[in-house]
Amino acid sequence: MAQATTLQVKTHQAKTQFGYRRHPDQDRAGQSPAEHPVVVVGAGPVGLSLAIDLAQRGQRVVLLDDADRIGEGSRAICFSKRSLEYWDRLGVGDRMVAKGVVWSVGRIFHGDSQLYQFNLLPEDGHKRPAFINLQQYYAEAYLVDRIQDLPEVDLRWRNKVTALEQRNDGVALTIETPEGAYRLHAQYVIACDGARSSLRQMVGAEFAGQVFEDQFLIADVKMTAEFPTERWFWFDPPFHAGRSALLHRQPDDVWRIDLQLNRYADPVLEKKPENVRPRIARMLGHDKFEFEWISLYKFQCRRMDRFIHGRVIFAGDSAHQVSPFGARGANSGLEDAENLSWKLDRVLRGISPASLLESYHAERSMAADENIRESTRSTDFMAPNSHQEARLRKAVLSLAKETEFGKRMVNGGRLSVPCSYDSPLSSPDADAWCGGPSPGCSMLDAPIAEQAYLTDAFRDGGTDFTLLSFSNGAAIDPPAGVKQVRIGGGSGLADPSGLVAKRYDAEPGTAYLLRPDGYVAARFRHPTREAIAAALSRAQGLN
Amino acid sequence: MPLSTSSNFVRPDDAFRAVVEAHRGLTEEQSADLDSALVLILANHIGDIDVLREAIGLARRRMIDGQQQQQQQQ
């Protein structure tokens, strides 16, 4: 979630505490600092996921965090289908989904009547749901647990980067610990240190954008309630006249409540539990609840101009920040991690030139722009900036009662879906297609057996480039390093529902070249080894 | 399809009159409400973002031209 002015009044007890441990890198006085290929700064969902991904690719990663605990409120709660598919590849998907609250239906109310409902995953045949709700502290705890299995990740708590010096061949970091400072050299530093990133300040980058004046009160309350597992959003509800409200379930009988306040509300008064309680009691119709977390926000939508500064690469909230209506904060950060990790791995191995990293900036800044645009539109709809904007919104809300187009214009948050990249890594279509994910789009899931999915097959081969091919009897011999997932034919995977072929607009012989992050690099009606090799070369930044 | 600015109504006076009459007896605020809804209904009926943008462009240009004329007269 985007954090602007966070005034936290009650800290949920830290769920997990970690000890600081002295590392031999700190005992190199008089010697040159230890050299590391990658240092990731910030052990939030983005930094942890990136470290796991790199480790699974065989990279050694030092992961630094200035704190020594996970905790402090639920913060991000909605994790998207794409994030879950990523976490499946990192070995933590099942645990997240088992604990999380699965949902796909949202309802929008105006006053006391429902305007419409939507289903974010109206079709079957996907391994993962549209979303789960899960407190960020659980997500982080499961990721930290996963890191215990990965000796490649060296996670150092209470290690705070205090200075950074760019060099031709890397970055020199100064790190403060409870036992004093030490220095490290890294070929690359990945800054996943959040919206108030200190590394961003150290490289002297601007972080400009739009601040929304309206304030939002966000409370997580614990109660037993019979509300369904759906996202409920109100415009002008009877319990909170003239403003918007959101109710969303989390695990452990915790409910996320967002209440829009006006721009003149006094944050010091509004955050006091004795003032929050009656507002929430009016909403729920009772006061049998306990506070887990209360916070008051002003939202900002902004991004860095460049996500790459020399050898320092920014990912997640440190690079871009959005308002929370759309679940585009943590999810887009995870997409950053997934986009970056295979590229960085290839560059470190010398398979691809360093210029491949430029495509990380190109693709993910495009995604950031899209996320900022969507979340700005939602926030503007909730908090109109002028009388006329309010009038137009009123017209939409009243038209929504009797027209389909009005319902579709009501904007109570457009929820995160993977961005499609107009990317230098994609090979444009040369054949005719009338469906399926085009180059630059994310792969689609489909069943390949009872309880088995295409995303499983993609993951199980190891996340390298993959050729997804639909059998026509002829064998394809893909270039070295490309693994194959074959559908149909004697030895291929089954397509019991026909959904794989349908979702990929496949004919016998059709093949898709998938990048390690599950994006389509190229697709062919009649693949040749040469065409595949050319697309592979382009997708690795080799030409 | 570009924005059509040729006359599309057989009886343009009827169209103008229909809009005028819709506003009869309304306060300024009510008129603004009516117009807002009407714009959105018609925009959706057109259903073409390029035509809509062109129409917005024409309406705004006319407003800016009007302001400049006023300034020159002063």
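Eight strands of chain A make up an open sheet of mixed pairing, in the order β8-β7-β15-β16-β17-β14-β18-β21. The edge positions are taken by β8 (113-119) and β21 (320-321) of chain A; each has a single partner strand, so one side of each is left without a neighbour in the sheet. Strands pair here if DSSP finds at least two bridges between them, and the elements are DSSP runs numbered from the N terminus, helices being H or I of at least four residues and strands E of at least two. The model is predicted: local features need pLDDT of at least 70 and side-chain atom pairs count only at pLDDT 80 or more, while totals for chains, interfaces and linings use all residues. Residues are numbered from 1 along each chain as its sequence is written, and chains are lettered from A and ligands numbered from 1 in the order in which they are written.

Strand β16 (residues 244-250) of chain A is mostly covered, with six of its seven residues buried. A residue counts as buried if 20 or more other C-beta atoms lie within 10 Å of its own, exposed if 12 or fewer, and partly exposed in between, with C-beta atoms placed from the backbone.

| Strand pair (chain A) | Bridges |
|---|---|
| β15 (residues 231-235) and β16 | four bridges |
| β16 and β17 (residues 254-261) | six bridges |
| β14 (residues 208-222) and β17 | eight bridges |
| β5 and β9 (residues 131-133) | three bridges |

In β16(A), L247(A) lies opposite W232(A). L246(A) faces D258(A) of β17(A), and D258(A) is also the bridge partner of I218(A). Helix α7 (residues 273-284) of chain A lies across β14, β16, β17 and β18 (290-303) of chain A and runs at about 75° to β14(A). Such angles run from 0 to 180 degrees between N-to-C directions, with axes fitted to C-alpha atoms, for helices over the stretch in contact.

**Positive phi values**

Most residues other than glycine have a negative phi. The hairpin of β16(A) and β17(A) has three residues between the strands, and D252(A) there takes a positive phi near 65°. D253(A), in the loop between β16 and β17 of chain A, has a positive phi of about 60° although it is not a glycine. D253(A) counts as partly exposed because it has 14 C-beta neighbours inside 10 Å. Q451(A), in the loop between β22 (447-449) and β23 (452-453) of chain A, has a positive phi near 65° and is likewise a residue other than glycine. With 8 C-beta neighbours inside 10 Å, Q451(A) counts as exposed.

**The three-stranded sheet**

Another open sheet of chain A has three strands in the order β5-β9-β6, with antiparallel pairing. Its edges are β5 (78-80) and β6 (101-103) of chain A, each with a single partner strand, so one side of each is left without a neighbour in the sheet. On average, neighbouring strands of this sheet are turned by 30° against each other, direction ignored. C78(A) stands opposite N133(A) in β9(A).

**Domains of chain A**

An automatic or database assignment divides chain A into domain 1 (16-100 + 129-208 + 303-373) and domain 2 (447-539). Their centres, taken over C-alpha atoms, are separated by 30 Å. Six residues of domain 1 of chain A are in contact with five residues of domain 2 of chain A, contact meaning C-beta atoms, placed from the backbone, within 7 Å. On the domain 1 side, the elements giving two or more residues are α2 (81-89) and α8 (330-349) of chain A. That side has one nonpolar, one polar and four charged residues. Ala, Val, Leu, Ile, Met, Phe, Trp, Tyr, Cys and Pro count as nonpolar, Asp, Glu, Lys and Arg as charged, and the others, Gly among them, as polar.

**A367 in helix α9**

A367(A) belongs to helix α9 (residues 356-382) of chain A and is buried, with 20 other C-beta atoms within 10 Å. Leaving aside neighbours within four places in sequence, A367(A) is in contact with S332(A), E335(A) and C419(A). The C-alpha atoms of A367(A) and D336(A) are separated by 9.1 Å, the two residues being 31 residues apart along the chain.

**Chain B**

Seven residues of chain B are in contact with eight residues of chain A. The chain B side of this contact has four nonpolar, two polar and one charged residues. Helix α1 (residues 12-23) of chain B is hardly covered: among its 12 residues the count of buried residues is zero. Just after α1(B), G25(B) takes a positive phi of about 80°.

Terms used: Contact = placed C-beta atoms within 7 Å.
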